[in-house]
Amino acid sequence: MVGIAGPNGAGKSTLISMLLGFLPPDRGTVRLDGLDPRTFIEREGVAYLPELMTIPLQWTVEGALDRLATLSAIAPAERLGARERVIDTVGIGEHRSKRLKALSKGNLQRLGLAQALLAERRVVVFDEPTHGLDPLWTARFREIVAGLRRADRAILIASHNLDELERLCDRVAIVDKGRIQRVVDVREAAGASGVPRRWRLRALVGCDALAAQFTDATVNGDTVECEADVAGLNRGIAMAIAQGALISSVNPAESSLEEAFRTAVAR
Amino acid sequence: MIAGRPLVGYLRWHAQDTVLRALTPPILFLGLGGVPLWSFARTAGLDAMDRPGEAHDLALQIYGNTMPLTMTLGAVLLANGLHATDREKQYFRFLFSKPVVAWAFYLQQFVVALLLFAAAMTLVPLGFGAIVTAVPVLAVTKSAVLFALLYGSLVALCGSLVTKEGVVFIAVAATSMVLQQLGKAGFLPHWLALVAGALPPFLTADSLRGLWLAGQPVAAGDIMHVVGYSTAMLAAALLLVRRLPLARS
């Protein structure tokens with residue numbers, strides 16, 4: 001599962017349009033499984049959720065899913081089952097006979113996700129997938145996407161939401177000014193212990209003693225912010241505890257992906 | 001390869017999407033010709049309109065003026081916005097992330113629209129014949145197919161190039177008709193007459209319709225000219241759908 005992160009106008013959606021054969025690249029070639037993107041999609045399709053829900057608003061929820069199930073080459077006998085399955089998965093049963101113009105932004109987004117899940121595809125592309133979803137459905141979306149993981153499936157997610165990408169993806173490509181600036185291995189970066197990073201620690205007792213263990217530490221109430229690698233952090237905490245400090249939480253001040261993003265798109 | 005099957009299943013949706021456009025001519029005919037015919041029938045009587053005489057001639061005159069007008073307007077509206085709207089409103093993102101060949105999708109849509117238009121147009125002489133007086137039916141059906149093919153393929157070609165294809169269509173159609181009229185009357189220099197001859201054959205199609213409706217023989221070469229020209233425009237439109245990027249305004 002690969003994420004694409006980048007500031008506004010970085011080229012994330014353009015990259016996706018090229019991957020789907022909707023736009024030609026200025027230079028170079030794009031291949032999906034060795035094929036030109038359009039040829040690949042015309043043969044087997046992709047599960048695609050665009051950033052904007054651009055479906056004719058006079059269609060009904062069921063009508064839209066019936067049409068798109070038909071275009072997805074789902075056998076007639078299986079279309080109804082596929083439609084009901086995705087309606088159930090994204091929880092839009094109560095809206096099934098509504099026209100799309102009557103749906104809220106979040107429900108439209110859930111419909112977009114539903115149509116992408118109609119058929120089993122080897123390539124899955126989600127562009128800003130949680131745009132407009134409430135926190136409950138954002139969490140549900142993560143469960144659904146986690147359930148799509150399969151050895152023979154490539155999943156690409158473009159998002160502004162670094163936390164979401166960090167939770168879902170194995171690698172995240174940071175795009176800026178139309179180029180991939182950096183590819184972050186999320187699991188590796190999260191586990192890297194030798195790299196100094198900013199930490200945020202809370203101490204119920206002995207906040208000053210804790211701050212004294214680190215250079216450049218700042219204290220704000222019961223919170224200490226400092227920079228250290230994992231070993232240095234542990235040494236400092238151990239020393240502070242030995243001096244009577246009572247520490248209630250230790251967290252990175254920012255995620256490894258946020259840090260990588262900040263440095264990659266620094267202007 | 002599964003690209004052929006989804007389109008067959010989508011025929012009903014294409015029919016549903018184009019049926020209202022196809023029904024425009026009979027509705028227009030009812031609006032434009034129905035009111036004068038109805039008021040005339042109230043004074044002269046329907047029976048008089050079905051017998052040789054002044055009332056009959058007047059009813060046929062109303063039909064003869066209104067039917068070609070509605071056919072022409074209907075043919076223009078038929079293909080207007082089909083591909084360009086999908087592109088402009090980005091519907092293509094949903095349609096063509098599925099295993100569907102875009103040009104085949106639009107070809108099927110065009111054929112369905114053309115057949116529905118011809119069927120809807122045929123309702124006009126059938127209805128007129130049933131209520132007022134008998135008129136040729138097959139001539140209208142043939143003319144409707146020819147007009148839908150010529151006008152529809154030009155609109156499709158414009159729509160594959162630009163978003164505001166209606167404006168381009170009107171410009172091309174008006175230029176063609178004016179130049180072809182002037183050329184026919186011998187008012188154009190040789191080179192401009194050649195240009196006029198190379199433009200879409202609106203006058204030829206008009207002449208064919210007139211001859212068919214009058215029950216007179218037509219030249220096969222003229223039919224070939226209109227059908228061939230239209231088919232070439234449609235093929236060019238579909239080629240552009242295939243070659244040009246979908247993600248453009």
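Modeller: One term before we start: buried means under 20% relative accessible area, exposed over 50%, and partly exposed in between, with a 1.4 Å probe and protein chains only. This is a predicted model, where local features need pLDDT of at least 70, side-chain atom pairs count only at pLDDT 80 or more, and totals for chains, interfaces and linings use all residues. Residues are numbered from 1 along each chain as its sequence is written, chains are lettered from A and ligands numbered from 1 in the order in which they are written, and side-chain values use heavy atoms, with hydrogens and water left out.

Colleague: Is Tyr151(B) buried or exposed?

Modeller: Tyr151(B) is buried, since its relative accessibility is 4%.

Colleague: How many aromatic pairs are there over all chains?

Modeller: The count over all chains is 14 aromatic pairs. The rule takes rings of Phe, Tyr and Trp (its six-membered ring) with centres within 6.5 Å; planes under 30 degrees apart are stacked, over 60 edge-to-face, and the rest tilted. Tyr151(B) and Phe202(B) make an edge-to-face pair, at 5.1 Å centre to centre and 75 degrees between the planes.

Colleague: Which parts of chain B does that pair tie together?

Modeller: Tyr151(B) is in helix H9 (residues 138–161) of chain B and Phe202(B) in helix H12 (residues 202–213) of chain B, so the pair ties together parts 51 residues apart in sequence. Helices (H or I, at least four residues) and strands (E, at least two) are DSSP runs, numbered from the N terminus.

Colleague: What is the relative accessible area of Phe202(B)?

Modeller: For Phe202(B) it is 2%, so Phe202(B) is buried. Phe202(B) also pairs with Phe169(B): the ring centres are 6.4 Å apart and the planes at 85 degrees, so this pair is edge-to-face. Phe169(B) lies in helix H10 (residues 165–184) of chain B and Phe202(B) in H12 of chain B, so this pair ties together parts 33 residues apart in sequence. Both Phe169(B) and Phe202(B) are buried.

Colleague: Which residues do ring pairs link into a cluster?

Modeller: Tyr10(B), Phe96(B), Phe105(B) and Tyr106(B) are linked into a cluster by ring pairs.

Colleague: And which ring does the charged end of Arg12(B) sit over?

Modeller: The ring of Trp13(B), with the charged end of Arg12(B) 4.0 Å from its centre. The rule asks for NZ of Lys or CZ of Arg within 6 Å of the ring centre and within 35 degrees of the ring normal.

Colleague: New topic. How many cavities of 30 Å³ or more?

Modeller: Two cavities. On a 1 Å grid over the protein atoms alone, a cavity is a set of points where a 1.4 Å probe fits but cannot get out, and lining residues have an atom within 4 Å of a point. Grid points are joined across faces, edges and corners, and a volume is the space filled by probe spheres set on the points.

Colleague: What lines the largest cavity?

Modeller: The largest cavity has 17 lining residues, and Leu82(B), His83(B), Tyr106(B), Phe110(B) and Ala156(B) lie nearest its centre. Helix H6 (82–88), helix H8 (102–131), H9 and helix H13 (220–243) of chain B each give two or more residues to that lining. By class the lining of the largest cavity has 11 nonpolar, five polar and one charged. Here Ala, Val, Leu, Ile, Met, Phe, Trp, Tyr, Cys and Pro are nonpolar, Asp, Glu, Lys and Arg charged, and the others, Gly among them, polar.

Colleague: Which residues line the second largest cavity?

Modeller: Among them are Val46(A), Gln115(A), Arg121(A) and Lys98(B). The lining of the second largest cavity divides into five nonpolar, two polar and two charged residues.

Colleague: Where in chain B is confidence lowest, and where highest?

Modeller: In chain B it is lowest in helix H1 (residues 4–9), at a mean of 80, and highest in H13(B), at 97. The average pLDDT of chain B is 91, and 98% of the residues score at least 70; pLDDT is the predictor's confidence in each residue, from 0 to 100. The model has ipTM 0.86 and pTM 0.86.

Colleague: How many helices and strands in chain B?

Modeller: Chain B has 13 helices and zero strands. Of its 249 residues, 48% count as buried.

Colleague: Over to chain A. How many residues of helix H3 are buried?

Modeller: In helix H3 (residues 61–71) of chain A, 11 of the 11 residues are buried, so H3(A) is largely enclosed by the rest of the structure. H3(A) is followed by Ala73(A), with a positive phi near 65 degrees. Ala73(A) is in the loop between H3 and helix H4 (76–90) of chain A.

Terms used. On a 1 Å grid over the protein atoms alone, a cavity is a set of points where a 1.4 Å probe fits but cannot get out, and a pocket is an open set with protein on both sides within 12 Å along at least five of seven lines; lining residues have an atom within 4 Å of a point.
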